[in-house]
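Hi everyone, thanks for making time. Please have a look at the model on the screen, and I'll walk you through a few of its features.

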Amino acid sequence: MTLAHRPLLTQARAPLTTQIRVMDEQGEWRDQALACERPLTLYLNKREIVTLMTLGENPEALVLGYLRNQNLVERLEDVIAVQVDWDVSAAVVVTTHTPDDIDETLSKRTVTTGCGQGTVFGNQMARLEQITLSPWPIKQSQIYHLLDVLNQHNETYKNAGAVHGCGVCSIEGDVLAFCEDIGRHNAVDTLAGHLWLNAIDASDKLFYTTGRLTSEMVIKTAQMGMSVLLSRSGATEMGLEIAQQLGILMLARAKGRHFLVFSGQDRLLLDAKPTAQARSEKKGKHDD
């Protein structure tokens, strides 16, 4: 799809890992990949908004997704440019105007749970009433196929660890976009920016994350228009409450042939139940 407007973007990619020397439990020295972590201070029309700690895989999409998810920029047409300069660790976003209520929005700041500490501005809970999602069904066999496909991703995690991965996937099992970052909130913001820049309708897509399903993750998934949420990790009480409120099919602790359905159970067709032996082999081996 051709967009009528696309902001001016830098392509400020940064190395995702570096090599160091470490000693193992045998006293032997070896090379080890280390995930990079760097600050990126976001400025909106010369106003400092926040400093994100990020891997730096796709900083322009991260910045756009962050601004959109925080409702600081509503239309892509209003974004003139996103310029990232790693020499000064800054991302400068120029838009046609600054929101009139930006002072009030920035004053309502919540530091969210989890690695990398995300930040939510304004009254996100009140805006949930404006979200309507499409409640489409999915088969158990499709979930298993998707988990198998996702094992081919997480390259930085496999190489260095210390990161979370998130993906936007089709029901057929295609991973349309995948991102790794220090914090899961950065990864989901990057994907939100990618969808926005490329005018991708995500209403029939599934969102996957290796991280916990907190309220922040559920809200951001809903803001992207997706009603199926899949996680390798667990969920929080507030995350579940919001998923139930919005009609999201939430599957957590998904690994191999195991998962737990926390909400939206009526939308899942159990067409590939594991055998009793497979269940026994998996018992007690699930990651948090």
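**Rings, sheets and helices**

Let's start with the aromatic rings: counted by our rule, there is 1 aromatic pair here. Keep in mind throughout that this is a predicted model.

How do we describe such a pair? A pair of aromatic rings is characterised by how far apart the centres are and by the angle between the planes. For Y144 and F259, the ring centres are 5.9 Å apart and the planes stand at 50°, so we call this pair tilted. Planes under 30 degrees apart would have counted as stacked, and over 60 as edge-to-face. The two residues come from distant parts of the chain, 115 residues apart: Y144 belongs to helix α4 (residues 140-150), and F259 to strand β16. Are they buried or exposed? Both Y144 and F259 are buried.

Strand β16 takes us to its sheet. Here 6 strands make an open sheet with mixed pairing, and the order is β12-β11-β13-β14-β15-β16. The edges are held by β12 (175-181) and β16 (258-263); each has a single partner strand, so one side of each has no neighbour in the sheet. On average, neighbouring strands in this sheet are turned by 20° against each other, ignoring direction.

Within that sheet, β13 (residues 205-209) pairs with β14 (residues 228-231) in the parallel sense, over 4 bridges. As an example, Y208 has L230 in β14 as its bridge partner. Lying across β11 (164-170), β13, β14 and β15 (249-255) is helix α7 (residues 215-223), which runs at about 155° to β13.

Now over to another sheet. This one is open too, with 5 strands in the order β1-β6-β7-β4-β5 and mixed pairing. While we are looking at R38, its charged end sits over the ring of W86, 5.4 Å from the ring centre.

Last stop, a helix pair. Helix α1 (residues 59-69) packs against helix α6 (residues 184-197) at about 95°, with the axes 6 Å apart. That angle makes α1 roughly perpendicular to α6. Among the residues that meet there are L62 and Y66 in α1, and H194 and W196 in α6.

How values were computed:
Residues are numbered from 1 along each chain as its sequence is written. This is a predicted model: local features need pLDDT of at least 70, side-chain atom pairs count only at pLDDT 80 or more; totals for chains, interfaces and linings use all residues. Side-chain values use heavy atoms; hydrogens and water are left out. Two strands pair if DSSP finds at least two bridges between them. Axes are lines fitted to C-alpha atoms, for helices over the stretch in contact, and angles run from 0 to 180 degrees between N-to-C directions. Contact means heavy atoms within 4.5 Å. Rings of Phe, Tyr and Trp (its six-membered ring) pair if their centres lie within 6.5 Å; planes under 30 degrees apart count as stacked, over 60 as edge-to-face and the rest as tilted. Buried means under 20% relative accessible area, exposed over 50%, partly exposed in between (1.4 Å probe, protein chains only). A charge sits over a ring if NZ of Lys or CZ of Arg is within 6 Å of the ring centre and within 35 degrees of the ring normal. Angles under 35 degrees count as roughly parallel, over 145 as roughly antiparallel, 65 to 115 as roughly perpendicular and the rest as oblique.
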